[in-house]
There are 2 protein chains.
Amino acid sequence: MQIAYILFDNVTLLDLAGIYDPVSRLRTLGFVPDLKWDLCAMDETIMDGYHLAINVDKVAPALSGYDMIIVPGGLGTRSMMRDRQFMQWLRSAAGVRWKVSVCTGSLLLGAAGFLEGRRATTHFEQYDTLQPFCKEVVRERIVEDFDVITAGAVASSLDLGLYLCEKLAGPKAREAVRQRMDYRAEQ
Amino acid sequence: MQIAYILFDNVTLLDLAGIYDPVSRLRTLGFVPDLKWDLCAMDETIMDGYHLAINVDKVAPALSGYDMIIVPGGLGTRSMMRDRQFMQWLRSAAGVRWKVSVCTGSLLLGAAGFLEGRRATTHFEQYDTLQPFCKEVVRERIVEDFDVITAGAVASSLDLGLYLCEKLAGPKAREAVRQRMDYRAEQ
């Protein structure tokens, strides 16, 4: 099980951390011992929306070899949608089994063409922006449609992380991770 | 209003991000326009518990000039408690108005002597470890006692972030940030 986190400048750190924390625990708690992941971007270092600098693991690797890509959101999504090199790279994930996003990350999945014919969601202020890229914008916290799983605004990243725990390792794993994190939100 | 985030190897990324996201929005939403913060550590780059590398803003700055320090938790807290240089640096925050931690970050506040005579909390599996450092371990999600605010396991970082939003800018600011994040957890 190999996951690629897709990073870029002006990403929202909590979009990443809210998924990455519960999903990574699948390995440390022993539910998915062979779980591996890479932080991937077009540059060696990316800055979040407040200039926090993260050094990534892999620069623009071919994404076709991964089982899942996870795309966080952030203000940077708007310029990335128009970045031909970035979009070309992202499209290398076309055959990946699961394409996942949180918040405005779905705009990047959309611009890559991955949402054609699919139901999807995004940040509650960006429903209209997402509309042209998908079959239907759904005003729910998490929307799964075949190979695409999208989620809402930043705090839904934790719900999405736990949703992925269940998908990858079942409901007992999800509950074990939730308890470990002491997460109490309704989904 | 100047905040120092105290980072170290094997920190938990979501402990940081869950506070940093809502608190940073106080500036972008205009509630605390002069809000500033630095990511601080003993080295230029720190690794989270899964080898994600963050470049910090300041290496071991004197902490006495800040209005608030925020200490995330993580497995790294146990070795940091025994790291004389790190602890000496952390103690430079003795006179800082607010000393804040989430999860096992309270063990570092404790080892620095900041919890003497104070009520405090930590990760639910570490109550016994925290006990010797404070007057009383309180099994609540967020505990404030004079200059110290401590919180529970990793998911409580978001609750603590919103708690700090209210402390720094009032209940309307807190609610505006919560809505913007679409955070729905009870506290």
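What follows is a short chat about a predicted model.

Q: How are residues, chains and ligands labelled here?
A: Residues are numbered from 1 along each chain as its sequence is written, chains are lettered from A, and ligands are numbered from 1 in the order in which they are written. The model is predicted: local features need pLDDT of at least 70, side-chain atom pairs count only at pLDDT 80 or more, and totals for chains, interfaces and linings use all residues.

Q: How many helices and strands are in chain A?
A: Chain A has 7 helices and 11 strands. These are DSSP runs numbered from the N terminus: helices are H or I with at least four residues, strands E with at least two.

Q: What share of chain A is buried?
A: Buried residues are 54% of its 187 residues. Buried means 20 or more other C-beta atoms within 10 Å of the residue's own, exposed means 12 or fewer, and partly exposed is in between, with C-beta atoms placed from the backbone.

Q: Switching to B:R82, is it buried or exposed?
A: B:R82 counts as exposed because it has 9 C-beta neighbours inside 10 Å.

Q: Where does B:R82 lie?
A: In chain B, B:R82 is in the loop between helix 2 (76–80) and helix 3 (84–91). Its C-alpha atom is 16 Å from that of B:I6, 76 residues apart along the chain.

Q: Back to chain A, what does A:I69 contact, leaving aside neighbours within four places in sequence?
A: Its contacts (C-beta atoms, placed from the backbone, within 7 Å) are A:A4, A:I6, A:L63, A:A93, A:V96, A:K99 and A:V100.

Methods. Contact = placed C-beta atoms within 7 Å.
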